[in-house]
Amino acid sequence: PPGIVDGSFVVRFGGTPGSTYTIEWSDGPNGPWTKAVNLTAPLTDQGIGVGVFEFSEPASELPARFYRAHVPSY
């Protein structure tokens with residue numbers, strides 16, 4: 001599950017191994033969405049499962065922030 005670790009927000013996404021995803025964030029569930037980074041789902045188990053990748057950023061001071069993985073990446 002998503003959570004705060006050492007002052008950073010951490011979330012894991014399960015994806016198709018080898019596929020690249022654009023991680024986006026928004027202050028509301030309906031957007032607008034802002035690109036954060038592109039990440040590729042690993043082909044091998046990195047200790048959290050094949051195709052599972054992790055995104056982290058400093059925790060926001062806002063009461064809520066929403067994230068999604070967009071494929072294909074851009």
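A: Contact here means heavy atoms within 4.5 Å. The model is predicted. With that cut-off, Glu 57 touches Ser 8, Phe 9, Arg 65 and Tyr 67. Residues up to four places away in sequence are left out of that list.

Glu 57 lies in strand β5, residues 52-58. The cut-off for buried is under 20% relative accessible area. Glu 57 has 16%, so this residue counts as buried. Two of the partners fall within named strands. Strand β2 spans 8-14, and Ser 8 and Phe 9 are both touched by Glu 57. Strand β6 covers 66-70, and Tyr 67 is also on the contact list.

Now the wider chain. The protein chain has six strands and zero helices. From the N terminus on, the order is β-β-β-β-β-β. Buried residues account for 28% of the 74 residues; Glu 57 is one of the buried residues. Take contacts between residues at least 6 apart in sequence: 59% of them join residues at least 24 apart.

Next, the overall dimensions. The C-alpha atoms fill a box of roughly 35 × 30 × 15 Å along the principal axes.

Charge comes next. The chain carries 4 positive and 7 negative charges, and their mean positions are 7 Å apart.

Asp 6 sits in the loop between β1 (3-5) and β2 (8-14). At 80% relative accessibility, Asp 6 counts as exposed, whereas Glu 57 is buried. The backbone of Asp 6 also stands out. Most residues other than glycine have a negative phi. Asp 6 is not a glycine, yet its phi is positive, about 50 degrees.

Two peptide bonds deserve a check as well. Most peptide bonds are trans. The bond joining Gly 31 and Pro 32 is cis, with omega about 5 degrees. Pro 32 is in the loop between β3 (20-26) and β4 (34-40). The bond from Val 71 to Pro 72 is also cis, with omega near 5 degrees. Pro 72 belongs to the segment after β6 (66-70).

Terms used. Residues are numbered from 1 along each chain as its sequence is written. This is a predicted model: local features need pLDDT of at least 70, side-chain atom pairs count only at pLDDT 80 or more; totals for chains, interfaces and linings use all residues. Side-chain values use heavy atoms; hydrogens and water are left out. Helices (H or I, at least four residues) and strands (E, at least two) are DSSP runs, numbered from the N terminus. Buried means under 20% relative accessible area, exposed over 50%, partly exposed in between (1.4 Å probe, protein chains only). Lys and Arg count as positive and Asp and Glu as negative; His and the chain ends are not counted. The place of a charge is taken as NZ of Lys, CZ of Arg, CG of Asp or CD of Glu.
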